[in-house]
Amino acid sequence: MSTTQSERLRGLLEPLVTSQGLDLEEIEVDSVGRKRVLRVVVDSDTGADLDQIADVSRVLSAKLDETDAMGEGEYTLEVGTPGAERPLTEHRHYVRATERLVKFQLAEGGELVARILKVDDEGVDTEVPGVKGRKATARRVAFDDIVRARVQVEFSRKDNKKEEEA
């Protein structure tokens with residue numbers, strides 16, 4: 001998708017997504033044979049449920065139908081949320097990932113896997129899990145030191161709140 005088309009679509013769709021209480025995270029146009037697919041990724045601080053996705057999909061579809069933003073020819077509109085292992089690229093992504101395990105690619109080289117505890121304007125406070133019975137350790141990571149960050153899927157994490165209540 002050309003930058004001009006991307007910017008035009010973002011300018012057209014972002015106010016509509018925002019009016020539905022969501023953030024426009026990504027727009028992507030792919031060609032699949034003769035058809036094109038417009039993928040729109042939305043999210044919010046509290047996530048987006050299926051009803052919100054359906055509502056924003058209807059609003060975007062109506063707007064796209066009344067404009068020529070997608071040009072001539074058929075296309076399919078897909079609206080969804082970021083995947084489970086989404087990359088963190090904006091400050092709000094780090095805030096939303098609080099309490100989640102994240103893999104950081106560091107500018108100094110190497111990787112760090114740690115749980116985000118707190119986010120401020122300069123960086124994140126993390127907890128690095130202990131290995132082989134060792135205690136977890138705290139570590140501060142400045143945004144300037146992060147090359148890439150991606151949320152990690154945890155299948156066996158114990159919910160501390162449930163344990164405390166039991």
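**Exercise 1. Identify the buried residues of helix H2 and determine how they are arranged about its axis.**

*Solution.* The residues of H2 that count as buried are Ile53, Val56, Leu60 and Leu64. The model examined here is a predicted one. Viewed down the axis of H2, these buried residues fall within an arc of 75°, so they line one face of the helix.

**Exercise 2. Compare the span of H2 with its expected value, and state which residue caps its N-terminal end.**

*Solution.* Helix H2 comprises 17 residues. From its first C-alpha to its last it reaches 25 Å, close to the 24 Å expected at 1.5 Å a residue. The N-terminal cap is Asp49, which has a side-chain oxygen 3.1 Å from the backbone nitrogen of Asp51.

**Exercise 3. Describe the largest nonpolar core and the elements that supply it.**

*Solution.* The largest nonpolar core contains 18 residues. Within this core, the residues with the most contacts are Leu9, Leu13, Leu38, Val40, Val42 and Leu60. At least two core residues come from each of helix H1 (3–19), strand E1 (23–32), strand E2 (35–43) and helix H2 (50–66). Val40 illustrates the packing: leaving aside residues up to four places away in sequence, Val40 touches Leu13, Leu24, Glu26, Leu60, Leu77, Glu78, Val79 and Gly80. A second, separate core has 16 residues, among them Ala97, Leu106, Val124 and Val151.

**Exercise 4. Decide whether Asp43 is buried or exposed, and find its polar partner.**

*Solution.* Asp43 lies in strand E2. Its relative accessible area is 6%; the cut-off for buried is under 20%, and Asp43 is therefore buried. The side chain of Asp43 makes a polar contact of 2.5 Å with that of Arg86. Beyond four places in sequence, the residues touched by Asp43 include Leu22, Asp23, Glu25, Ala48, Pro82 and Arg96.

**Exercise 5. Classify the aromatic pair of the structure and locate its two members.**

*Solution.* The ring centres of Tyr94 and Phe143 are 5.0 Å apart and the planes stand at 65°, so the pair is edge-to-face. Tyr94 belongs to helix H3 (residues 91–96), whereas Phe143 lies in the loop between strand E7 (137–142) and strand E8 (146–151). The two residues are 49 residues apart, and the pair thus links distant parts of the chain. Tyr94 counts as buried, at 6% relative accessibility.

Key
Residues are numbered from 1 along each chain as its sequence is written. This is a predicted model: local features need pLDDT of at least 70, side-chain atom pairs count only at pLDDT 80 or more; totals for chains, interfaces and linings use all residues. Side-chain values use heavy atoms; hydrogens and water are left out. Rings of Phe, Tyr and Trp (its six-membered ring) pair if their centres lie within 6.5 Å; planes under 30 degrees apart count as stacked, over 60 as edge-to-face and the rest as tilted. Helices (H or I, at least four residues) and strands (E, at least two) are DSSP runs, numbered from the N terminus. Buried means under 20% relative accessible area, exposed over 50%, partly exposed in between (1.4 Å probe, protein chains only). A nonpolar core is a set of buried Ala, Val, Leu, Ile, Met, Phe, Trp, Tyr and Cys residues joined through side-chain atoms within 4.5 Å. Contact means heavy atoms within 4.5 Å. The expected span of a helix is 1.5 Å times one less than its number of residues. The arc is that of the directions from the helix axis to the C-beta atoms. A polar contact is a pair of N or O atoms within 3.5 Å; within protein, one must be able to donate a hydrogen and the other to accept it, and residues adjacent in sequence count only if both atoms are side-chain atoms.
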